[in-house]
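Hi,

Here is the model I promised to pass on.

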Amino acid sequence: MGLEMESLAASIGVSVPVLRFLLCFVATIPVSFLWRLIPGRSTKHLYSALSGVLLSCLSFGFSSNLHLLVPMFLGYASMLLFRRHCGLITFLLGFGYLIGCHVYYMSGDAWKEGGIDATGALMVLTLKVISCSINYNDGLLKEGLSEAQKKNRLIKLPSLIEYVGYCLCCGSHFAGPVFEMKDYLEWTDGNGIWKHDEQNPSPSPYCATIRALFQAAFCMGLYLYLVPQFPLSRFIDPVYHDWPFWKRLGYQYMAGFTARWKYYFIWSISEASIIISGLGFSGWTKSSPPKPRWDRAKNVDILGLEFVKSAVEIPLKWNIQISTWLRHYVYERLVQKGRKPGFFQLLATQTVSAVWHGLYPGYIIFFVQSAVMIAGSRVIYRWQQAIPPSMAFLKSILGFLNFTYTVLVLNYSCVGFMVLSLHETLASYGSVYYIGTVIPITLIVLGSIIKPAPARSKARKDQ
């Protein structure tokens, strides 16, 4: 069996640990389908927990999975013993333990070299236990709640089997998506939007699952085709630095473009798994006849990201569920009542995201850079909205400039996310004269000087 695994891994160009992970990850699809056939509420929770444990052990080994127990224990203990402060306690302890594992394992180096460990699963699990604790904390509040808090707050402490089932449900902790405890409980109990009868039949997940699988196959095929042509090692190759400016800039774009398809593949598989279980269902469209929506399973809008009009929209297209988590549990909670969010809230949110990913300089630089990128895009948007309708052509030009700016700065910035080390990040940024940093900062400065009159039309809230 070991020789067969080695030969299969070599044939597709990955290491044996990565192959083992991929096989277990794909196995989440049939495991999630079988969940639909399990009778009884408690049995479903037990199945969710045991299937998650089994897949983790097969993928990472038993000892590595002991790390997953720590945030789970800390989160449940804080809810049980210190409800009034359980959200803050779990946030600090959960992130503290995750940071410790990041420092000890430095998994980014292993991932670059074709290795894998349980740190990625620990990252997803940390967010799930934090949101559960914060929502249980919110259950004490009577007023001043946002719409998200009202929807997700927990009045009653989940039982231990419900909690473990939520954390490890059908291997969803491998790569997400992150979902709420309240949604998990309603899904398992057949309540809320999952309450079906003759007038409200259960939607079929199979067409959406097949679509996600075809999408996954296409993404992996394109990634395997492109990655040999645009290796990350080229950024420190003397040949790269001898290229003319535009060729270096074009290579950065293609390197970022190539790397994204790996994530598209992973998220397409997780989307198929959550859809086929039924948990991904998020309601019906308003079309006639209505069609089921599966937004809860969606973690990326591929075309929406590749043709994104503004950097502000990137969190709505990329790693969607994590972006939603950051908005609900970091960004919105840093805004004081009666005041609007500003650059501080944006920078703090991006910093938390950077720390969550790991303590590599490339991560830190990328997420700080992304905060600056979004701020620069907002400046262009404000200028665009200030143009009167009679000057539609000029408005379209600024819209195109915002798109071009976003594509340029995004692919420049994401090199740091990919190469991780300080030396390689600065070398790649410096090779194009830090253009993706200079332009956003210049826009922010100009935006503070040139303040257009308020637009007549109502600007979108997300800007």
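**The second largest pocket**

With 7 residues, α16 provides the largest share of the lining of the second largest pocket. Helices here (H or I, at least four residues) and strands (E, at least two) are DSSP runs, numbered from the N terminus. Before I go on, please keep in mind that this is a predicted model: local features need pLDDT of at least 70, side-chain atom pairs count only at pLDDT 80 or more, and totals for chains, interfaces and linings use all residues. Residues are numbered from 1 along each chain as its sequence is written, and side-chain values use heavy atoms, with hydrogens and water left out.

Back to the pocket. Its lining is made up of 26 residues, and Asp295, Arg296, Gln321, Thr324 and His328 are the ones nearest the centre. Two or more lining residues come from each of α8 (147–152), α10, α15 (314–317) and α16 (320–331). By type, the lining residues split into 11 charged, 9 nonpolar and 6 polar; Ala, Val, Leu, Ile, Met, Phe, Trp, Tyr, Cys and Pro count as nonpolar, Asp, Glu, Lys and Arg as charged, and the others, Gly among them, as polar. The volume is about 590 Å³.

As for how that was worked out: on a 1 Å grid over the protein atoms alone, a pocket is an open set of points with protein on both sides within 12 Å along at least five of seven lines, whereas a cavity is a set where a 1.4 Å probe fits but cannot get out; lining residues have an atom within 4 Å of a point. Grid points are joined across faces, edges and corners, and the volume is the space filled by probe spheres set on them.

**The two domains**

Where does the second largest pocket lie relative to domain 1 and domain 2? It lies between them, because both domain 1 (1–194) and domain 2 (321–452) give residues to its lining. The bounds come from an automatic or database domain assignment. The C-alpha centres of the two domains are 30 Å apart. Their contact (heavy atoms within 4.5 Å) takes 28 residues from domain 1 and 21 residues from domain 2. Between them, domain 1 and domain 2 bury about 1900 Å², with 68% of it on carbon and sulfur atoms; that is the accessible area (1.4 Å probe) that the two parts lose on being put together, summed over both.

**Helix α9 and what follows**

Helix α9 (residues 160–168) is largely enclosed by the rest of the structure, because 7 of its 9 residues are buried. The cut-offs are under 20% relative accessible area for buried, over 50% for exposed, and in between for partly exposed (1.4 Å probe, protein chains only). The buried ones are Glu162, Tyr163, Val164, Gly165, Tyr166, Cys167 and Leu168, and they pack against α3 (41–60), α4 (66–81), α7 (119–138) and α10 (181–189). After α9 comes cysteine 170, with a positive phi near 50°.

**Other spots to check**

- The loop between β1 (283–284) and β2 (292–293) holds threonine 285, which is partly exposed at 27% relative accessible area. Leaving aside neighbours within four places in sequence, threonine 285 touches Pro290, Lys291 and Arg293. Proline 289 is in the loop between β1 and β2 too, and the serine 288 to proline 289 peptide bond is cis, with omega near 0°.
- Asparagine 319, in the loop between α15 and α16, has a positive phi of about 45° although it is not a glycine. At 10% relative accessibility, asparagine 319 counts as buried.
- Tyrosine 434 also has a positive phi, about 55°, without being a glycine. Its place is the loop between α20 and α21 (435–449), and it is partly exposed at 36% relative accessible area.
- Serine 277 belongs to helix α13 (residues 245–277) and is buried, at 4% relative accessible area. Beyond its neighbours within four places in sequence, serine 277 is in contact with Ser32, Trp35, Arg36 and Trp187.
- Threonine 425, in helix α20 (residues 422–430), is buried with a relative accessible area of 0%. Its contacts, again leaving aside neighbours within four places in sequence, are Gly362, Ile365, Gly416, Val419 and Leu420.

Cheers
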